[in-house]
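Please keep the sequence and the structure at hand while reading.

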Amino acid sequence: MHIFKGNVALRTILERTRPRGYVFVPDASEAPVLQALAREVAGLTLEVGDHVAYPLNKHSAQEVRQLHARAYRPLGHDDVSAANDLCRELAELARRESAYPELAEWMPTEIGYQHYRDARDWISPHRDRRSDRLLSVTFTIAGSAWVRIHESEVDPPDYSRLRTIDASLTAPGSAMFLRAPGFGSGHQVIHEVLPPMHGSRTIL
(Lines give C-alpha, C1' and ligand atoms only; values in the text may rest on other atoms or scores of the structure.)
Protein backbone atom coordinates (compact mmCIF):
# COMPACT_ATOMS: atom_id res chain seq x y z
CA MET A 1 0.00 0.00 0.00
CA HIS A 2 1.38 3.41 -1.01
CA ILE A 3 -0.06 5.78 1.59
CA PHE A 4 1.31 9.10 0.49
CA LYS A 5 1.48 10.91 -2.80
CA GLY A 6 4.95 11.30 -4.27
CA ASN A 7 5.39 14.89 -3.11
CA VAL A 8 4.68 14.05 0.56
CA ALA A 9 7.77 13.29 2.64
CA LEU A 10 7.35 11.71 6.07
CA ARG A 11 10.74 13.10 7.08
CA THR A 12 9.48 16.66 6.62
CA ILE A 13 6.29 15.86 8.50
CA LEU A 14 8.25 14.49 11.47
CA GLU A 15 10.66 17.43 11.44
CA ARG A 16 7.68 19.73 11.97
CA THR A 17 5.60 17.56 14.29
CA ARG A 18 8.37 16.92 16.83
CA PRO A 19 8.88 20.58 17.90
CA ARG A 20 5.43 22.02 17.09
CA GLY A 21 3.25 19.18 18.28
CA TYR A 22 1.13 18.98 15.14
CA VAL A 23 1.21 19.15 11.36
CA PHE A 24 -1.61 19.45 8.84
CA VAL A 25 -0.83 17.73 5.54
CA PRO A 26 -3.26 18.65 2.74
CA ASP A 27 -3.83 16.28 -0.15
CA ALA A 28 -1.53 13.65 1.37
CA SER A 29 -3.10 10.30 0.51
CA GLU A 30 -3.47 8.36 -2.68
CA ALA A 31 -7.02 7.77 -3.99
CA PRO A 32 -6.83 3.93 -3.76
CA VAL A 33 -6.04 4.24 -0.03
CA LEU A 34 -9.10 6.39 0.58
CA GLN A 35 -11.28 4.08 -1.49
CA ALA A 36 -10.15 1.03 0.50
CA LEU A 37 -10.80 2.79 3.81
CA ALA A 38 -14.22 4.01 2.64
CA ARG A 39 -15.25 0.48 1.69
CA GLU A 40 -14.03 -0.82 5.02
CA VAL A 41 -15.82 1.69 7.24
CA ALA A 42 -19.03 1.19 5.23
CA GLY A 43 -19.03 -2.42 6.41
CA LEU A 44 -18.63 -1.62 10.10
CA THR A 45 -21.30 -1.01 12.70
CA LEU A 46 -20.65 2.41 14.20
CA GLU A 47 -21.83 3.33 17.68
CA VAL A 48 -22.81 6.84 18.74
CA GLY A 49 -21.03 8.21 21.78
CA ASP A 50 -23.01 11.14 23.22
CA HIS A 51 -20.64 13.17 25.33
CA VAL A 52 -22.70 16.31 24.86
CA ALA A 53 -25.35 15.03 27.24
CA TYR A 54 -22.63 13.30 29.27
CA PRO A 55 -19.41 15.35 29.00
CA LEU A 56 -15.99 13.94 29.71
CA ASN A 57 -14.28 15.46 32.77
CA LYS A 58 -17.62 17.07 33.66
CA HIS A 59 -17.50 20.33 35.66
CA SER A 60 -13.70 20.53 35.38
CA ALA A 61 -11.50 23.08 33.59
CA GLN A 62 -10.88 20.38 30.97
CA GLU A 63 -14.46 19.37 30.26
CA VAL A 64 -14.88 17.89 26.77
CA ARG A 65 -18.07 17.54 24.76
CA GLN A 66 -18.29 15.43 21.64
CA LEU A 67 -20.84 13.69 19.48
CA HIS A 68 -20.20 11.36 16.53
CA ALA A 69 -20.49 7.74 15.46
CA ARG A 70 -17.40 5.57 15.82
CA ALA A 71 -15.85 2.12 15.69
CA TYR A 72 -12.59 1.18 17.41
CA ARG A 73 -10.56 -1.95 16.86
CA PRO A 74 -7.14 -3.13 18.02
CA LEU A 75 -4.44 -3.36 15.38
CA GLY A 76 -4.68 -6.71 13.65
CA HIS A 77 -8.43 -7.14 14.01
CA ASP A 78 -10.03 -8.97 11.09
CA ASP A 79 -12.64 -6.26 10.55
CA VAL A 80 -10.11 -3.62 9.57
CA SER A 81 -7.65 -5.17 7.14
CA ALA A 82 -7.23 -1.98 5.07
CA ALA A 83 -6.47 0.10 8.16
CA ASN A 84 -4.12 -2.63 9.40
CA ASP A 85 -2.15 -2.40 6.15
CA LEU A 86 -2.01 1.39 6.37
CA CYS A 87 -0.75 1.32 9.97
CA ARG A 88 1.96 -1.21 9.23
CA GLU A 89 3.16 0.67 6.17
CA LEU A 90 3.20 3.94 8.13
CA ALA A 91 5.24 2.32 10.91
CA GLU A 92 7.70 0.94 8.37
CA LEU A 93 8.15 4.39 6.84
CA ALA A 94 8.78 5.84 10.32
CA ARG A 95 11.37 3.16 11.09
CA ARG A 96 13.39 4.25 8.05
CA GLU A 97 13.82 7.75 9.49
CA SER A 98 17.05 7.19 11.44
CA ALA A 99 16.99 10.76 12.78
CA TYR A 100 14.15 9.68 15.08
CA PRO A 101 15.33 6.57 16.97
CA GLU A 102 12.34 6.81 19.32
CA LEU A 103 10.17 5.79 16.37
CA ALA A 104 12.22 2.67 15.59
CA GLU A 105 9.69 0.46 17.37
CA TRP A 106 6.61 2.64 16.91
CA MET A 107 3.47 0.87 15.79
CA PRO A 108 -0.10 2.19 16.00
CA THR A 109 -2.06 0.03 18.45
CA GLU A 110 -5.63 1.21 17.93
CA ILE A 111 -7.66 1.83 14.79
CA GLY A 112 -10.52 4.25 15.13
CA TYR A 113 -13.03 5.18 12.46
CA GLN A 114 -15.20 8.23 13.20
CA HIS A 115 -18.22 9.46 11.26
CA TYR A 116 -19.48 13.00 11.80
CA ARG A 117 -23.02 12.61 10.52
CA ASP A 118 -24.13 16.24 10.18
CA ALA A 119 -23.75 19.71 11.65
CA ARG A 120 -24.60 18.43 15.15
CA ASP A 121 -21.45 16.28 15.39
CA TRP A 122 -18.19 17.77 16.65
CA ILE A 123 -15.51 17.60 19.36
CA SER A 124 -14.85 20.54 21.64
CA PRO A 125 -11.27 21.61 22.48
CA HIS A 126 -9.34 18.72 24.00
CA ARG A 127 -6.04 16.90 24.20
CA ASP A 128 -5.80 13.25 23.23
CA ARG A 129 -5.44 10.54 25.83
CA ARG A 130 -2.36 10.56 28.03
CA SER A 131 -1.96 6.86 27.27
CA ASP A 132 -1.18 7.67 23.62
CA ARG A 133 2.45 7.15 22.67
CA LEU A 134 4.73 8.90 20.18
CA LEU A 135 2.35 9.79 17.32
CA SER A 136 -1.33 9.96 16.48
CA VAL A 137 -2.31 10.21 12.83
CA THR A 138 -5.70 11.06 11.33
CA PHE A 139 -6.71 10.69 7.69
CA THR A 140 -9.84 12.32 6.27
CA ILE A 141 -11.62 9.78 4.09
CA ALA A 142 -14.65 11.81 3.04
CA GLY A 143 -16.12 15.22 3.77
CA SER A 144 -14.57 18.40 5.09
CA ALA A 145 -14.35 20.25 8.41
CA TRP A 146 -12.21 22.82 10.17
CA VAL A 147 -9.76 21.64 12.82
CA ARG A 148 -8.44 24.30 15.16
CA ILE A 149 -5.29 24.30 17.30
CA HIS A 150 -5.47 26.18 20.60
CA GLU A 151 -3.21 27.35 23.40
CA SER A 152 -4.44 27.80 26.95
CA GLU A 153 -4.11 31.26 28.44
CA VAL A 154 -3.45 29.73 31.87
CA ASP A 155 -1.52 26.82 33.34
CA PRO A 156 -2.78 24.20 34.03
CA PRO A 157 -4.87 24.36 30.86
CA ASP A 158 -8.43 25.61 31.07
CA TYR A 159 -10.48 24.74 27.98
CA SER A 160 -12.72 27.76 28.54
CA ARG A 161 -9.72 30.12 28.31
CA LEU A 162 -8.09 29.42 24.97
CA ARG A 163 -6.69 31.33 22.04
CA THR A 164 -6.67 29.86 18.54
CA ILE A 165 -3.20 29.68 17.02
CA ASP A 166 -3.85 27.72 13.84
CA ALA A 167 -6.59 26.07 11.81
CA SER A 168 -6.91 23.89 8.75
CA LEU A 169 -9.84 22.91 6.55
CA THR A 170 -9.58 19.16 6.17
CA ALA A 171 -10.63 17.45 2.95
CA PRO A 172 -10.53 13.91 1.52
CA GLY A 173 -6.90 12.80 1.51
CA SER A 174 -5.68 15.29 4.10
CA ALA A 175 -3.83 14.07 7.18
CA MET A 176 -3.08 15.42 10.64
CA PHE A 177 -0.11 14.31 12.75
CA LEU A 178 -0.14 14.93 16.51
CA ARG A 179 2.78 14.53 18.90
CA ALA A 180 2.17 12.21 21.85
CA PRO A 181 4.21 11.32 24.96
CA GLY A 182 7.61 9.91 24.04
CA PHE A 183 8.15 12.04 20.93
CA GLY A 184 9.93 15.35 21.39
CA SER A 185 8.63 17.11 24.50
CA GLY A 186 5.63 14.78 24.50
CA HIS A 187 3.36 17.74 25.18
CA GLN A 188 -0.02 17.17 23.53
CA VAL A 189 -1.64 20.08 21.75
CA ILE A 190 -5.20 21.22 22.36
CA HIS A 191 -7.33 20.83 19.25
CA GLU A 192 -10.98 21.12 18.26
CA VAL A 193 -12.94 19.37 15.51
CA LEU A 194 -15.77 21.45 14.08
CA PRO A 195 -18.88 20.01 12.41
CA PRO A 196 -18.73 19.02 8.73
CA MET A 197 -18.87 21.91 6.30
CA HIS A 198 -21.46 20.13 4.16
CA GLY A 199 -23.13 16.78 4.73
CA SER A 200 -20.99 14.33 6.69
CA ARG A 201 -17.30 13.63 7.31
CA THR A 202 -15.51 10.32 7.87
CA ILE A 203 -11.99 9.88 9.25
CA LEU A 204 -9.56 7.18 10.31
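His59 is exposed, with a relative accessible area of 71%, in a model that is predicted. The residue belongs to the loop between β2 (47–50) and β3 (66–74), and its phi is near 65°, a positive value in a residue other than glycine. As background, most residues other than glycine have a negative phi, and most peptide bonds are trans.

Leu134 also has a positive phi in a residue other than glycine, here near 70°, and its place is the loop between β5 (122–126) and β6 (135–142). Is Leu134 buried or exposed? With a relative accessible area of 13%, Leu134 is buried, because the cut-off for that class is under 20%.

## Two prolines

The peptide bond that leads from Asp155 to Pro156 is cis, with omega near 5°. Pro156 lies in the loop that runs between β7 and β8 (162–170).

Pro32, by contrast, sits within helix α2, which covers residues 31–42. Its relative accessibility of 55% makes Pro32 count as exposed, since exposed means over 50%. Between Pro32 and Tyr116 there are 84 residues in sequence, and the C-alpha atoms of the two are 22 Å apart in space.

## The chain as a whole

The secondary structure of the chain consists of 3 helices and 11 strands, and, read from the N terminus, the order of the elements is α-β-α-β-β-α-β-β-β-β-β-β-β-β. The radius of gyration is 16 Å, close to the 17 Å that the globule rule gives for 204 residues, so the chain is as compact as a globular protein of that length. Along the principal axes, the C-alpha atoms fill a box of roughly 45 × 40 × 30 Å.

Of the 204 residues, 49% count as buried, while the chain exposes about 10,300 Å², with 49% of that area supplied by carbon and sulfur atoms.

Rolling a probe the size of a water molecule over the atoms shows where empty space is left. The second largest pocket has a volume of about 200 Å³, and its lining is made up of 17 residues, of which His150, Glu151, Ser152, His187 and Val189 lie nearest the centre. The elements that give two or more residues to this lining are α1 (10–20) and β7 (145–152), and it is β7 that provides the largest share, with 4 residues.

By residue class, the lining of the second largest pocket divides into 8 nonpolar, 4 polar and 5 charged residues.

## The enclosed cavity

How many cavities of 30 Å³ or more does a search of the whole structure find? The search finds 1 such cavity, and about 40 Å³ of space lies in the largest cavity.

The residues that line the largest cavity are Asp128, Asp132, Ser136, Leu178, Arg179, Ala180, Gln188, Val189 and His191, and they divide into 3 nonpolar, 3 polar and 3 charged.

Technical notes
Residues numbered from 1 in each chain as written. Predicted model: local features only at pLDDT ≥ 70, side-chain atom pairs only at ≥ 80, totals over all residues. Heavy atoms only, no water. 1 Å grid on protein atoms, 1.4 Å probe; cavity = no way out; pocket = protein on both sides within 12 Å on 5 of 7 lines; lining within 4 Å. Points joined across faces, edges and corners; volume = space filled by probe spheres on them. Nonpolar A, V, L, I, M, F, W, Y, C, P; charged D, E, K, R; others polar. Rg over C-alpha atoms; globule rule 2.2 N^0.38 Å. Buried < 20%, exposed > 50% of the residue type's maximum accessible area, 1.4 Å probe, protein only. Areas by Shrake-Rupley, 256 points an atom, 1.4 Å probe, with all protein chains shown as cover.
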